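Please read the following account alongside the model, moving from the parts of a single chain to the contact between chains.

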2 protein chains.
Amino acid sequence: MNRLNIANGRVEMVHGSGGRAMAELIDQLFAQAFDNEWLAQGNDQAQFTLPPGRVVMATDSHVVSPLFFPGGDIGSLSVHGTINDVAMSGARPCYLSAGFILEEGFPLADLKRIVDSMASASKEAGVPIVTGDTKVVERGKGDGVFINTTGIGVVPEGLNLSGDRAQPGDAILLSGTIGDHGVTILSLRESLGFEADIQSDSQSLNRLVAAMVEVVPEIRCMRDPTRGGLANTLNELAKQSGVGMQLFEKQIPVREPVRAACEFLGLDPLYVANEGKLIAICPQEKAEQLLKAMRAQPQGREAAIIGRVVEDSHHFVQMETVFGGNRMVDWLNGEQLPRIC
Amino acid sequence: MNRLNIANGRVEMVHGSGGRAMAELIDQLFAQAFDNEWLAQGNDQAQFTLPPGRVVMATDSHVVSPLFFPGGDIGSLSVHGTINDVAMSGARPCYLSAGFILEEGFPLADLKRIVDSMASASKEAGVPIVTGDTKVVERGKGDGVFINTTGIGVVPEGLNLSGDRAQPGDAILLSGTIGDHGVTILSLRESLGFEADIQSDSQSLNRLVAAMVEVVPEIRCMRDPTRGGLANTLNELAKQSGVGMQLFEKQIPVREPVRAACEFLGLDPLYVANEGKLIAICPQEKAEQLLKAMRAQPQGREAAIIGRVVEDSHHFVQMETVFGGNRMVDWLNGEQLPRIC
């Protein structure tokens, strides 16, 4: 085995060949950072046992641009994103896989920074990366690095969360401020400078979810408002459950610099992507108890009850504005922010 | 919802936005082709039960170029590749996820052809695609379509296959001819015309594996010789098990047009990628029984015993040539064929 020149080396086509150079990249970069008993099995697949219960599987490919941003990078985002997709079912995320598509010429130092960031995010959340894959494409056929992560988890006994279970009268809760991730990425991409005051909210929500379902197992559904933002995710849930929703703008937390940046950019924070927030819908009589449980967790400190589920054969999402009027909160039409995750 | 113009439309950035256009693409293209009860759950994750046993997880990103080739395309290949990685542990593959990275401007008609091909491959193997993700990157930042698939499966009771279990005296079996996939791709890419007589061997091996472990549960290990070919995969296993290997060239099946193409191209078929073959190592006294079980399956009709495991502190793989000499079969050095899978 040769030593990789991580400080000054670059990804070469040979790193995707299946031969000696690929083995060196895997041993000296991925396996060292992710270091765990499953990767150490050294096979093309990982083997493990799962606790009893319904199994959950979620996948996400990450193409965020730029690769590094205040509050995270494509590595940590790829871990948070899939852990959150698994956790939204109420499940405890157990294991992750990681598939890399690298562009020829990408600096190994940047790749190491990304891989180390994945490793930290994985350790912090307690969800190991147990198997992986590396491909390399020619210069100009990719964009630095794309990362797919796939996660599996297990739903604790007695839970039954699904997007089709919201009922008129239910309360709608949000775990914190909206718009932070999307505005950070856009500001950075367009060199607007707002990112000095804001940062991505990218974080794993599995511990918050565990605390929530422990206290209120009757939660109807949870979903993380990523691409398309709060507005689009609520429209999805309204359609899936066949209900309407009434929101209250003054209860939806938005950080002041995010609000200012959105105004400047002509963006509506309701449509801006988040990477560390969740929406939960629960029976009205459990709402205060759930809110308290959420606020007791670091990822839910700024949680709020933001609206209620109503009967509506059109499945509209509406919002009482801070001025007292009522406005429609429609599906996202068109692309607001490409390559946000 | 608008109707997608599949005949003449193209992938646009908005198809990755998380909004209405993405929902249309998912509903009218992916969900229709993959159609199953888990996708119909409509959540960001799939839920299912697994039979008892050790769980296996494998992931593979696919970047093959060109996207369509004799014997398959990136869609069928992405299903076969991950099913095989799961199956090599002896497991029954149960579920797949699929993550797409699409390039802006890619024809929807080509995407539909690829997705339909994935759906056929998935149905044929009996392994449903239960959850997915779609991202879009700008023109020139991808290459048509990249597909990650991740698979999970369950190992039947009593099996214990791993790459570190080969022992001196064991027999080495190969399920069929080598080089077909790699030579097909290279010939097509370089417009050499050999692909008129040959085609990729891309296929799912899960049924072959099930038949093999049923008859000979004592199999030490299996692995599919994809990137890096037979030579590299055997070197991996020799290193992992701390043994040497002795092959017999005349017993290794190679199709005549593949041999001719390799000669013309200066390639050694031992290093050329396969996508529907496996290597199995088993105790010598079980070898004939295993061979018979393999030949009884369509995916193993041309199976052969190609060598034996030997003691060797250097972990060398050597081969008795058709001329009676002995040559070293070293690790692949350098890139033989980029983007083969």
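In chain A, the domain assignment (bounds of this kind come from an automatic or database domain assignment) gives domain 1, residues 13-155, and domain 2, residues 171-328. The centres of domain 1 of chain A and domain 2 of chain A, taken over C-alpha atoms, are separated by 27 Å, and their contact, meaning heavy atoms within 4.5 Å, takes 22 residues from domain 1 and 23 residues from domain 2 of chain A. This is a predicted model, in which local features need pLDDT of at least 70 and side-chain atom pairs count only at pLDDT 80 or more, whereas totals for chains, interfaces and linings use all residues. Residues are numbered from 1 along each chain as its sequence is written, chains are lettered from A and ligands numbered from 1 in the order in which they are written, and side-chain values use heavy atoms, with hydrogens and water left out.

Between them, domain 1 of chain A and domain 2 of chain A bury about 1,700 Å², 58% of it on carbon and sulfur atoms; buried area is the accessible area (1.4 Å probe) that two parts lose on being put together, summed over both. Of the area that domain 1 of chain A buries against domain 2 of chain A, 34% is supplied by P70(A), N84(A) and M88(A), more than by any other three residues.

The count of salt bridges (a side-chain nitrogen of Lys or Arg within 4 Å of a carboxyl oxygen of Asp or Glu) between domain 1 of chain A and domain 2 of chain A is zero.

We turn now to the contact between the chains. Here 77 residues from chain B and 77 residues from chain A take part, and the two chains bury about 5,900 Å² between them, 51% of it on carbon and sulfur atoms. R20(B), M57(B) and R227(B) supply 13% of the area that chain B buries against chain A, more than any other three residues. Across the interface of chain B and chain A the rule finds 10 salt bridges, and R227(B) forms a salt bridge with D133(A), where the closest N and O atoms are 3.0 Å apart.

Strands also pair across the chains, where pairing requires that DSSP finds at least two bridges between two strands, and strands are themselves DSSP runs (E, at least two residues), numbered from the N terminus. Strand β2 of chain A, residues 54-62, is joined to β1(B) by three bridges, and the two run antiparallel; within β1(B), Q47(B) is the bridge partner of V56(A).

Key. Helix = DSSP H or I, 4+ residues; strand = E, 2+ residues; numbered from the N terminus.
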